Amino acid sequence: MRPGLQIIHHPYGTDAPYFSGPDERTPRDPVGGDMVGIGFLTQPGGAADSVRLCWTRNGHPQAPIHGRPVALGTDADRWLCELGVVDGGDTVEYWMVATSD
């Protein structure tokens, strides 16, 4: 990993009711039946070659999800990982890993 590589994620974003930021969870407060996406940024742009989201559902490890680039830039790259549909009552914990040559 190159020095200075950062992962930026704010699950609840700025709490703006009509705007979802590129570094937040969508929806912010998922309920059963929702498709959940995890957005995050890596800085500086081009520093990360790949990213993956590691996660657990109800305390059980799940297969890592490789992020797909949504937008690549000089200042930051935007990534998205899709967890899929959650069930009501699920407890999900996640963290991101970024790698670089």
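Mentor: What follows is a walk through a predicted model, taken a few residues at a time.

Trainee: Let's start with Glu-24, then. Where is the place of Glu-24?

Mentor: Glu-24 is placed in the loop between β1, which covers 6–8, and β2, which covers 25–26.

Trainee: And is Glu-24 buried or exposed?

Mentor: Glu-24 has a relative accessible area of 2%, and since buried means under 20%, Glu-24 counts as buried.

Trainee: Which side chain makes a polar contact with the side chain of Glu-24?

Mentor: That partner is Arg-28, whose side chain makes a polar contact with the side chain of Glu-24 at 2.7 Å. Leaving aside residues up to four places away in sequence, Glu-24 also touches a set of residues that includes His-9, His-10, Pro-11, Tyr-12, Phe-19 and Gly-37.

Trainee: How many Å apart in space are Gly-37 and Pro-11?

Mentor: From C-alpha to C-alpha, Gly-37 and Pro-11 are 10 Å apart in space, while in sequence they are 26 residues apart.

Trainee: Okay, Gln-6 is new to me. In which strand does Gln-6 lie?

Mentor: Gln-6 lies in strand β1, and at 45% relative accessibility it counts as partly exposed. Not counting residues up to four places away in sequence, Gln-6 touches Leu-41, Thr-42 and Gln-43.

Trainee: What about Ile-8, is that buried or exposed?

Mentor: Ile-8 has its place in strand β1, and it is buried, because its relative accessible area is 17% and the cut-off for buried is under 20%. With residues up to four places away in sequence left out, Ile-8 touches Asp-23, Phe-40, Leu-41 and Gln-43. Between Ile-8 and Asp-23 the C-alpha to C-alpha distance in space is 6.6 Å, although the two are 15 residues apart in sequence.

Trainee: Changing topic, how many aromatic pairs does the structure hold?

Mentor: The structure holds 0 aromatic pairs. A ring does have a charged group placed over it, however, for the charged end of Arg-25 sits over the ring of Tyr-12, 5.0 Å from the centre of that ring.

Trainee: Now the largest pocket: which residues lie nearest its centre?

Mentor: Arg-25, Pro-30, Val-86, Asp-90 and Val-92 lie nearest the centre of the largest pocket, and its lining has 17 residues. The space in the largest pocket is about 200 Å³, and strand β9, residues 92–99, supplies the largest share of its lining with 3 residues.

Trainee: Asp-90 was in that list, so which side chain makes a polar contact with the side chain of Asp-90?

Mentor: The side chain of Arg-57 makes a polar contact with the side chain of Asp-90 at 3.4 Å. Arg-57 lies in strand β4, which spans residues 50–57, and it is buried, with a relative accessible area of 17%. Apart from residues up to four places away in sequence, Arg-57 touches Gln-62, Leu-83, Val-85, Asp-87, Asp-90 and Thr-91.

Trainee: What about the backbone, where is a peptide bond cis?

Mentor: The peptide bond from Thr-26 to Pro-27 is cis, with omega near -10°, and Pro-27 is found in the loop between β2 and β3. A cis peptide bond also joins Gln-43 and Pro-44, with omega about -10°, and Pro-44 is found in the loop between β3 and β4.

Trainee: And what is phi of Asn-58 near?

Mentor: Phi of Asn-58 is near 55°, which is a positive value in a residue other than glycine. Asn-58 is placed in the loop between β4 and β5, and it is partly exposed, with a relative accessible area of 39%.

Trainee: Last one, is Asp-101 buried or exposed?

Mentor: Asp-101 is exposed, with a relative accessible area of 91%, and its place is in the segment after β9. The C-alpha atoms of Asp-101 and Gly-89 are separated by 39 Å, and the two residues are 12 apart along the chain.

Terms used
Residues numbered from 1 in each chain as written. Predicted model: local features only at pLDDT ≥ 70, side-chain atom pairs only at ≥ 80, totals over all residues. Heavy atoms only, no water. Helix = DSSP H or I, 4+ residues; strand = E, 2+ residues; numbered from the N terminus. Buried < 20%, exposed > 50% of the residue type's maximum accessible area, 1.4 Å probe, protein only. Polar contact = N/O pair within 3.5 Å; in protein donor to acceptor, adjacent residues only side chain to side chain. Contact = heavy atoms within 4.5 Å. Phe/Tyr/Trp six-rings, centres within 6.5 Å; stacked < 30°, edge-to-face > 60°. Lys NZ or Arg CZ within 6 Å of the ring centre and 35° of its normal. 1 Å grid on protein atoms, 1.4 Å probe; cavity = no way out; pocket = protein on both sides within 12 Å on 5 of 7 lines; lining within 4 Å. Points joined across faces, edges and corners; volume = space filled by probe spheres on them.
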